[in-house]
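Thanks for making time this morning.

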2 protein chains.
Amino acid sequence: MPRIDTKTRILDASEQLFAGRGVSGTSIRAITAKAKVNLAAIHYHFGSKESVLESVLSRRLIPLNAERLTLLEEYERRSKNNVVALPKIIEALVGPALRVSRDPKKGGGLFMKLLGRLVLEPDEKIQSLLTNQFRTVLERFMPALKKALPGLEPADFYWRLHFLVGAMAHTMADSERIQTVSGGICNPDDTEDTIKRLVSFIVAGMEAES
Amino acid sequence: MPRIDTKTRILDASEQLFAGRGVSGTSIRAITAKAKVNLAAIHYHFGSKESVLESVLSRRLIPLNAERLTLLEEYERRSKNNVVALPKIIEALVGPALRVSRDPKKGGGLFMKLLGRLVLEPDEKIQSLLTNQFRTVLERFMPALKKALPGLEPADFYWRLHFLVGAMAHTMADSERIQTVSGGICNPDDTEDTIKRLVSFIVAGMEAES
DNA sequence: TATTAAATCAAACGAATGTATGAATTACTC
DNA sequence: GAGTAATTCATACATTCGTTTGATTTAATA
């Protein structure tokens with residue numbers, strides 16, 4: 001028996017490579033080489049490359065989305081009339097996603113990068129995979145958002161939700177560029193600082209006068 | 001001589017396929033089949049697949065970025081003290097990019113989609129290619145933005161610029177999802193409406209109190 | 001310890017990839 | 001219209017891809 005489970009080794013290696021070179025840019029052989037397992041191990045344990053991606057995602061995404069819902073429910077419990085302030089809602093949505101980078105056991109930045117990039121992946125299977133995972137979260141957050149943003153017309157609501165996802169995904173996917181562009185002024189490793197800035201940007205955008 | 005230049009046919013086909021399936025998801029053979037040219041034509045006219053992408057980008061990006069600068073300069077000429085209002089600056093930055101989708105001669109939405117997706121492409125060569133194209137634009141827009149946002153500390157400035165790019169890229173790349181998510185309420189084909197909403201979201205985000 | 005199930009292994013499969021070649025064809029120039 | 005350059009063509013090359021096989025080894029069970 002290896003020190004670490006073969007399945008886990010494959011998932012870890014896949015996560016790193018997918019995040020760094022993209023899904024279609026990563027070969028089965030690259031994964032098995034990095035994981036130091038036999039080439040056939042992927043087929044034996046997962047069945048296909050696509051199934052590996054599915055496992056890579058659900059391993060992190062299920063607890064991540066659960067945390068989002070837990071946070072929102074906690075805020076709702078503490079609130080009056082179940083109306084949570086907008087910054088809290090946004091924080092519950094983007095906070096857990098950005099915070100995974102702090103915990104090496106949760107992929108330490110790599111999974112975040114991967115997730116941010118997959119949002120714009122052309123592949124339809126990947127898209128439906130992500131959409132399904134995100135649906136329950138969205139269904140739960142939408143009513144809360146609508147309560148926090150009364151008077152906002154539906155079209156504006158959905159458009160701004162769209163912009164929100166874009167800002168969040170880009171922040172998750174590309175934590176290195178901002179360091180270069182800003183000449184070192186911005187430090188994406190300070191997760192809580194990043195969350196604070198992202199939340200305030202989004203909140204202002206969501207509350208903009210139309 | 002064919003009705004349309006072979007080079008152009010290759011560029012058109014590449015643009016469509018790159019936008020739809022991603023760069024690494026598109027094969028040379030798929031391009032030549034769609035363009036109805038010989039397989040070797042790509043090697044003859046461009047030399048390599050990467051060189052094709054480079055041409056696809058520069059064909060649209062050079063006039064696009066020129067238009068951004070022209071707009072900004074026009075706004076500056078009309079302004080007092082060279083201080084342009086923030087909404088105008090943002091409009092000059094995101095407007096031309098989103099407007100290419102209205103003109104079928106400029107790629108009609110496909111190039112926009114491609115560009116939005118390439119922003120998060122892992123491949124380093126693609127990144128440096130995009131960065132180089134965007135650098136002159138950024139160098140020109142940054143002073144204008146700083147003038148329009150006095151008092152904003154540098155870290156906030158760069159972070160919000162980062163969020164801006166995210167919201168813009170996501171809007172460019174994914175014009176179909178919002179239609180689905182919103183149940184048809186949002187119409188991404190109405191370019192000017194999209195620009196208006198995106199600009200107001202970004203402006204509010206940029207001006208947020210920190 | 002004998003038997004069975006689970007896991008790993010080296011090796012190979014056919015298909016698809018980007019690239020390259022040299023002949024055949026077309027377009028242009030004098 | 002002959003000669004030259006530019007282009008297009010069918011075809012092949014060497015890799016790499018995801019997947020599969022069947023034997024071998026390891027672990028669990030009895």
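Predicted model: local features only at pLDDT ≥ 70, side-chain atom pairs only at ≥ 80, totals over all residues.

Let me start with a question: which side chain meets that of A:Glu50 in a salt bridge? The partner is A:Lys125, with 3.4 Å from N to O, where a salt bridge is a side-chain nitrogen of Lys or Arg within 4 Å of a carboxyl oxygen of Asp or Glu. A:Glu50 lies in helix H4 (residues 49-78) of chain A and A:Lys125 in helix H7 (residues 124-148) of chain A, so the pair ties together parts that are 75 residues apart in sequence. Helices here are DSSP runs of H or I with at least four residues, numbered from the N terminus.

Residues are numbered from 1 along each chain as its sequence is written, chains are lettered from A and ligands numbered from 1 in the order in which they are written, and side-chain values use heavy atoms, with hydrogens and water left out.

Over all chains the count comes to 26 salt bridges, and between chain B and chain A it is 2. In one salt bridge, the side chain of A:Arg197 meets that of B:Asp156 at 2.9 Å, N to O.

Turning to the interface, 48 residues of chain B are in contact (heavy atoms within 4.5 Å) with 47 residues of chain A. The two chains bury about 4,200 Å² between them, 72% of it on carbon and sulfur atoms; buried area is the accessible area, with a 1.4 Å probe, that two parts lose on being put together, summed over both. B:Leu120, B:Trp159 and B:Phe201 supply 20% of the area that chain B buries against chain A, more than any other three residues.

Finally, the packing within chain A: the axes of helix H5 (residues 86-99) and helix H8 (residues 154-173) come within 10 Å and cross at roughly 20 degrees, the axes being lines fitted to C-alpha atoms over the stretch in contact, with angles from 0 to 180 degrees between N-to-C directions. That makes H5(A) roughly parallel to H8(A), a label for angles under 35 degrees. The contact is made by A:Ile90, A:Leu93, A:Val94, A:Ala97 and A:Leu98 of H5(A) and by A:Leu164, A:Met168, A:Thr171 and A:Met172 of H8(A).

Terms used. Helix = DSSP H or I, 4+ residues; strand = E, 2+ residues; numbered from the N terminus. Parallel < 35°, antiparallel > 145°, perpendicular 65-115°, else oblique.
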